[in-house]
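Here is a set of questions and answers on how the labels for one model are reached. Look at the structure, then read on.

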Amino acid sequence: MVIVKEKQMTIIDRGCYERGCSCHDDRVDGETVKVVLRNDVLEEVAKEFEKMKAFEKDTMASFAAFVRGMKR
């Protein structure tokens, strides 16, 4: 069971390294890697919404705020 967790951490660490984020440095006590990864992904999505020009700027900012509100 410990081996499985180590393999999952290795995959997560590699994914973070490729994306250029540090999953472990910004964790708060009790936060799991899954929560930190989820929050990082949601922030990336929110930033992309802000860059989009599909709708008016206010609408895209609302979408970004909604996504940021999904963080844990």
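Q: What kind of model is this, and how are residues numbered?
A: It is a predicted model: local features need pLDDT of at least 70, side-chain atom pairs count only at pLDDT 80 or more, and totals for chains, interfaces and linings use all residues. Residues are numbered from 1 along each chain as its sequence is written, and side-chain values use heavy atoms, with hydrogens and water left out.

Q: What makes up the secondary structure of the protein chain?
A: Three helices and zero strands. Helices (H or I, at least four residues) and strands (E, at least two) are DSSP runs, numbered from the N terminus. Along the sequence the pattern reads α-α-α.

Q: Why is Glu-43 called buried?
A: Buried means under 20% relative accessible area, exposed over 50%, partly exposed in between (1.4 Å probe, protein chains only). Glu-43 has 18%, so Glu-43 is buried. Across the 72 residues of the protein chain, 19% count as buried.

Q: Where is Glu-43, and which residues does it contact beyond four places in sequence?
A: Glu-43 lies in helix H2 (residues 33–51). Its contacts (heavy atoms within 4.5 Å) there are Arg-68 and Lys-71.
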